[in-house]
Amino acid sequence: MPNNFESPEMTTTRTTTTVAGSTSEAQQLRSVAAAASGTPDDHIIIFDTTLRDGEQSPGCSMSTPEKIQVAELLEQMGVDVIEAGFPIASEGDFEAVSKIAARVKESVVCGLARAAIGDIDRAAEALRPAERKRIHTFIGTSPLHREFQLQLDQDQVHERVIQSVERARRYTDDVEWSAMDASRTEHDFLFRCIETAIACGATTINIPDTVGYAYPEEFADLITKIRNSVPNIDKAVLSVHCHNDLGLAVANSLRAVQAGARQIECTINGIGERAGNCALEEVVMAVKTRHDQLPFQSRIDSRKIMAASRLVSAITGFNVQPNKAIVGANAFAHESGIHQDGMLKNAQTYEIMRPEDIGLVKSNLVMGKHSGRHAFKTKLKELGYELGDNALEDAFVRFKALADKKKEIFDEDLIALVDNEIASADQKIRFVRLDVHCGSHVTPKAELTLAIDGVEQAASATGDGPVDATFKAIRALYPHAAELPLFQIHAVTEGTDAQAIVTVRLEEDGRTATGQSADTDTLVASAQAYIGALNKLVTKRGRTAPNAVAV
Ligand code: KIV
Ligand code: ZN
């Protein structure tokens, strides 16, 4: 990264300001928490980075309206800080951060910036409309990052810390500084950079385990050492940002809290680079369920967890594995006879959490073709969806159409139906109609009508199979050269009348986009999922490829 800081007069000698004397452990803990804007000692700040680190994982991209939807739900959940994006990365990221900054009032809205003037100024500009804003600036501090990624020595990195934090402080009092790859950084150098960042005005110090290498005891030990060795540490909140490469992100984050960290950076469903980030739902429910081990509180309304999980999964097309802790389809399912027997006698025999605490409701409201608008709306509310009037009406029409085709409408069907509605809002290319002719003795042929920018157009195509013919018809109507690295079909429920949920991922010039759709007709779902992905790809064209600024 070029050095685009213009202040040669800044030198490392300006950073020797420290806070005199060390405080007792209890005092330190109190002051760390107090720095978190008047929150009590036992409060854990939940910093959600679904829209930044989560979105950075390949195929996980979201459009601006989708990001706004997620941000609004995160705000309703009680997330303290929403990292809304990386404004210098692309026009799309800038726009999303700016729009979220204008809408979100309760949570702090945060934008990421490398240690570079252009990044920090751009983040500040995107955050301008925010009522409560944070600039999060970072630099790699480990030998590997210094030598190979940055080609800077320790003193040069240290100088960048001063310049970046001071620059960010021009725009806001709420500045977070991260030592990227902190867990593999020499301790002396890490402590020196932290002390400097705080002296320059950083109010949150984030310790990322960027490559998911740390072990819980080792990571807790690092947090303890930071608290004992950095003289001015009581002037900032200590934060942790753990990746899940060894499946230890949640364990590392919780151990870090026991050692004195008071902010956890996490994502919904644990999405994120490679094996992902620390999962928000797991941290929140661990703290809630094991208060004896973790005597802390978060502000999160855990009853919104399922809704957030479903929304992120529907938007990104990243299905949640059935056995995923808290939000997986099997997390509260009991199949074996002995478990079912125990559950019937006392739910606590096999359940450590109540399903309703994460927003899973057992409802008596059975939906079918005779159900009216009011029952439909009530049911969606139970499932965690609150749609606006127009979206509700569209969803109701689709529900009636589905009820004509399918006798029993399960909760999963309604979830798939509403997720379709969410995914197809504001699309440039819209599905109108599909007729497919196929069988063992005919060449598969698809006749497709799409509305492109509101104008209906039709085409037909033949292919090696009905799906191939359908996708060729889409390409005939909207020519493009994207590859198809993923095409996946699942049944939403059991039975031959089950809806198919189809996920399609497209890739073009290093950009990926995922679409998902459900329908009782697998081919219609396939076409809609493809069109969903294509719409996202089209929106991304002409924007900086994410790799250009990968962190
Ligand atoms: O993993 C990481 O180190 C990051 C930083 C930008 C905080 O995502
Ligand atoms: Zn990260």
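The legends below describe several close-up views of a predicted model, beginning with the whole protein and then turning to single sites.

Residues are numbered from 1 along each chain as its sequence is written, and chains are lettered from A and ligands numbered from 1 in the order in which they are written. Because this is a predicted model, local features need pLDDT of at least 70 and side-chain atom pairs count only at pLDDT 80 or more, while totals for chains, interfaces and linings use all residues; side-chain values use heavy atoms, with hydrogens and water left out.

**View 1. The protein as a whole.** The secondary structure comes to 18 helices and 14 strands, where helices (H or I, at least four residues) and strands (E, at least two) are DSSP runs numbered from the N terminus. Of the 551 residues, 56% count as buried, a word that stands for under 20% relative accessible area, with exposed meaning over 50% and partly exposed in between (1.4 Å probe, protein chains only). The protein exposes about 23600 Å², of which carbon and sulfur atoms supply 49%; accessible areas come from the Shrake-Rupley method with a 1.4 Å probe, and for residues only the protein chains shown count as cover. Among contacts (heavy atoms within 4.5 Å) with a separation of 6 or more, 68% are between residues 24 or more positions apart.

View 2. An oxygen atom of ligand 1 lies 2.6 Å from an N or O atom in the side chain of Thr 210, while polar side-chain atoms lie 2.9 Å from an oxygen atom of the ligand in Arg 52 and 3.0 Å from one in His 243. Taken alone, ligand 1 exposes 260 Å², and the protein buries 98% of that.

**View 3. The zinc ion (ligand 2) and its protein donors.** Asp 53 (OD), His 241 (NE2) and His 243 (NE2) are the protein donors of the zinc ion, lying 2.0 to 2.1 Å from it; donors are N, O and S atoms within 2.8 Å of the metal (3.2 Å for Na, K and Ca), and since water is not among the atoms, sites may look incomplete. In sequence, these donor residues are spaced D-x187-H-x1-H. Asp 53 lies in helix H2 and His 243 in the loop between S7 and H10, so the pair ties together parts that are 190 residues apart in sequence. Asp 53 counts as buried at 3% relative accessibility, and His 243 is likewise buried, with a relative accessible area of 4%.

**View 4. Helices H10 and H11.** Helix H10 (residues 249-258) is mostly covered, with seven of its 10 residues buried, and what covers them includes strand S6 (204-209), helix H9 (216-229), strand S7 (237-242), strand S8 (263-266) and helix H11 (280-289). Just after H10, Gly 260 takes a positive phi of about 125 degrees. In H11, seven of the 10 residues are buried, so this helix is largely enclosed by the rest of the structure. Its buried residues pack against strand S1 (45-48), helix H3 (64-77), H10, S8 and helix H12 (305-316).

**View 5. Arg 134 in strand S4.** Arg 134 lies in strand S4 and counts as buried at 6% relative accessibility. Its side chain is joined to that of Glu 176 by a polar contact of 2.8 Å, that is, a pair of N or O atoms within 3.5 Å, of which, within protein, one must be able to donate a hydrogen and the other to accept it, residues adjacent in sequence counting only if both atoms are side-chain atoms. Not counting residues up to four places away in sequence, Arg 134 touches several others, including Phe 47, Asp 174, Thr 204 and Gln 263.

**View 6. Two loop residues with positive phi.** Asn 269, in the loop between S8 and H11, has a phi near 65 degrees, a positive value in a residue other than glycine, and counts as buried at 12% relative accessibility. Asp 509, in the loop between strand S13 (500-508) and strand S14 (511-519), has a phi near 50 degrees and is exposed, with a relative accessible area of 63%.
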